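Hello,

Here is the structure I promised to pass on to you. Please have a look at it first, and then read my notes below.

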Amino acid sequence: MPRFSIIVPVFKVQGFLRACLDSVLTQSFTDFEVIAVDDCSPDHCGAIVDEYAATDPRVRAVHLAENAGLGGARNAGVTYATGDYLLFLDSDDSYTPGALAAIDERLRVTADPDVLVFDHVRTHWWGPGGRSMTADLLASAGTDTFDILGSPQYLHLFLVAWNKAYRRDFFTGHGFTYREGLYEDAPVTYQALVSAHRIGCLDRVCVEYRQRRQGAITRTPGRRHFDIFPQYEALFAYLDAHPEHDAARPLLFERTINHFLTTLPNTERVPAEDRADFYRLIVDFHRRHRPPGFTPPDDALRLQWRLTASSPYAVFRAAAAAQSVVAAARERKKRLRKEAAKRVKRTLTRVQRTHPLDPDLAVYSAFSHRGLLGDPAAVHQAAGLVAPHVRAVWVVHPDVLDRMPQGVDFVLPDTPAYHRVTSRATYFVSNVDWAPGLVKREGQIHVHTHRGTPLKHMGLDLLGRPAATHRLNLRGQLWRADRWDYSLVSGRHAERAWASAYPCRFTSLPTGAPRNDVLVQGDPLRGVAVRRRLGVPDGGTVILYAPTPRDHRKGYEPRVDFERLVREAGPGVTLLVRLHPQYARSAVRGLQLRDLERRGVLRDVTDEPSVEDLMLASDALVTDYSSLMFDYACLNRPIVVHADDWETFQVTRGTYVDLLATPPGHVTTSTTQLADLFASGTWRDERSAALRAAFRARFCEYEDGNAAARVVSRVMLGREYPPPAIPQQDPGRLRDAAATTLSNSTR
């Protein structure tokens, strides 16, 4: 008997059916049967189903004699099911990789509940969206199970068949069946939830819910949407036949009327000419099924709730229109208040700019106000020691206030305090450009620390690369770079690259990167503390994997098989995965990364604020084309470049360095090669050390551990700090040395 019976109703989906079935049959978990029910589809779906059944014994093709509709096709599939659990998958949707393994694992952890609910992501023709609105609700359940009376908030979960696993004997034992017509999911979902003694949740995206550009019945207005009423009549008939569920009746009544009221004004469902009839059916349903003593919920639909008790549609429509007018007036008032506040702030700012600059005031920001991080944080720390008379004020977003250390002054963006400080400060230190609305006064000094040494092309060097310049305002970038007074660089390579990318009026300071001081100086205790905080076992090898984004791709696409890497790299390997910040909300984090983290295969450290902590805690860096390799070289620890798409990256983005000719360590192009490097110990051999030494000599010339103090002395104190001692070698000799190292190490 298989673990899962996956029922796939099929009708007019020939363009999507193969992708759906392939998403099931390629799952890592294989203990399942697929029951594909051809609902008399007029296209080639029947032949496709037969083709799959002929080549894979796990697929069973069922051809109905006459069209039964989505609900009828599901019911037919249930009669053939033999698995422990029933799963329903619509044939234009698909499972995400690893979904069935994750579902099975959570079922075992929760001791096989009656129902398990999991998450989904909406996939549009232009790409996937974000997590569902109930993602947090699913996460809050953890690995506990519950019933609906004890946790009624779970009635707000998405009303579909395909986001749940039903224990088969529970489902068939209660006689649950889907009815004809639209909204067939609602009664079965609610019947199952109120009947279940134990419900579990899995906060993992398991289904890609395709939003079809056309042809979706749920977005086609018409009288078919009146099917919602007989569907809910069936639900309340079930409640009438099962008085043991009377306590749940008020909860289900609230959900039912809420569903009616949100469907009524939906232009993709109920046409304007049909809304009076639709409303009269709501009133009739309300009158017949309202539980005694029921109190409408205190929400945005409260007025509509009260009107549905007896008011005619004309009154309801007038009240709804009045509500819209009131809401519009409220929004207009709010907008006018904001505009007035902006005028006041502009006036106050102009007044502030009439005051002299404060020569002892510095304003800091990092990563668009994300907290005390990176190079600005290192400069701030050094200024506290070298120039303690210079007062520091940070600009931070409200959502990172809990990370602000005590005793550090800060202001929130676009507040009176922000405008007061930025109008009077002399020094501005940031690793990104300040907002265009900030007016730079004469005498103010802007220090741009950047976010690393550039490897990939930036600024004007992106001209001619449409994938990288899509929606990129290069003119605006140049205007903002014109406000820089100083550009911090870690070597002559960085100086040349920034000058090429932004041909503006700034002065390059040969200081080194302030955030790298801790890497050059070393801090083993900090690294040990970070490992313990992350729960990394003592001993073993810690690999930090930090990929860079691809301009020609929408969203993050895994380029390494993490599970295989950890399995084949040898015992004692801990993998830390840090995605680029722009992928922090990527759906993939709720997919493979979450599964693998729960199983102890890796740790997703994307949300860790300090990348310096992660570098100190690791033994090796694996990256593709991230500028992090220049920083990591300061640690003098092994670096592996995983360049599986080097040619494509060169065409779409371009780089300032031929990374394959002068790499900082070994280069791999497949997960097998990467795993072999670590399994064999080659990742830290003499060749790796030689390549890294040549790389450091060429690109980290100014990194001597004194960058932050050098910046403060030069910018805030006007003193010359001893310059970094760099070898008196020209770039050609450095390249020759690197090439010789590479050649000798391969003999």
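To start with a cysteine: does Cys700 count as buried or exposed? At 8% relative accessibility, Cys700 counts as buried, where buried means under 20% relative accessible area, exposed over 50% and partly exposed in between, with a 1.4 Å probe and protein chains only.

Before the rest, two notes on how to read this. This is a predicted model, so local features need pLDDT of at least 70 and side-chain atom pairs count only at pLDDT 80 or more, while totals for chains, interfaces and linings use all residues. Residues are numbered from 1 along each chain as its sequence is written, and side-chain values use heavy atoms, with hydrogens and water left out.

Cysteines

The structure holds zero disulfides, a disulfide being a pair of cysteine sulfur atoms within 2.5 Å. Cys206 is in none, and the nearest cysteine sulfur, that of Cys201, is 12 Å away. Cys206 is buried, at a relative accessible area of 0%. Cys700 is in no disulfide either; its nearest cysteine sulfur belongs to Cys634 and is 4.4 Å away.

Nonpolar cores

In soluble globular proteins, nonpolar side chains tend to be buried together. I use "nonpolar core" for a set of buried Ala, Val, Leu, Ile, Met, Phe, Trp, Tyr and Cys residues joined through side-chain atoms within 4.5 Å. The largest one here has 63 residues, and Phe88, Phe171 and Tyr232 have the most contacts inside it. Helix H8 (residues 228-241) gives the largest share of this core, seven residues. Helices (H or I, at least four residues) and strands (E, at least two) are DSSP runs, numbered from the N terminus.

Which residues does Tyr232 touch, leaving out those up to four places away in sequence? They are Leu159, Ala186, Tyr190, Thr256, His259, Phe260 and Phe285, with contact meaning heavy atoms within 4.5 Å.

Aromatic rings

A search of the whole structure finds 36 aromatic pairs. Rings of Phe, Tyr and Trp (its six-membered ring) pair if their centres lie within 6.5 Å; planes under 30 degrees apart count as stacked, over 60 as edge-to-face and the rest as tilted. One of the pairs is Phe253 with Phe294, which is edge-to-face at 5.0 Å centre to centre, with 85° between the planes. Phe253 lies in helix H9 (residues 249-263) and Phe294 in the loop between helix H10 (275-289) and helix H11 (302-307), so the pair ties together parts that are 41 residues apart in sequence. Phe253 is buried at 0% relative accessibility, and Phe294 is buried at 11%.

Ring pairs also link Tyr190, Phe226, Phe229, Tyr232, Phe236, Phe260, Phe278 and Phe285 into a cluster. The charged end of Arg223 sits over the ring of Phe226, 4.0 Å from its centre. Arg74 lies over the face of Tyr178, at 5.0 Å from the ring centre. The rule for a charge over a ring is NZ of Lys or CZ of Arg within 6 Å of the ring centre and within 35 degrees of the ring normal.

Salt bridges

The count comes to 48 salt bridges, each a side-chain nitrogen of Lys or Arg within 4 Å of a carboxyl oxygen of Asp or Glu. Asp631 and Arg515 meet in one of them, at 2.5 Å from N to O. Asp631 lies in helix H23 (residues 628-632) and Arg515 in the loop between strand S16 (507-510) and helix H18 (517-521), so this pair ties together parts that are 116 residues apart in sequence. Asp631 is buried at 2% relative accessibility, and Arg515 is buried at 8%.

Asp624 forms a salt bridge with Arg550, the closest N and O atoms being 2.9 Å apart. Asp624 is buried, with a relative accessible area of 2%, and Arg550 is buried at 7%. Salt bridges that share partners join Arg550, Arg553, Glu557, Arg559, Asp624, Asp644 and Asp645 into one network.

Backbone

His369 has a positive phi of about 75° although it is not a glycine. His369 lies in the loop between strand S10 (358-365) and helix H13 (374-386).

Best wishes
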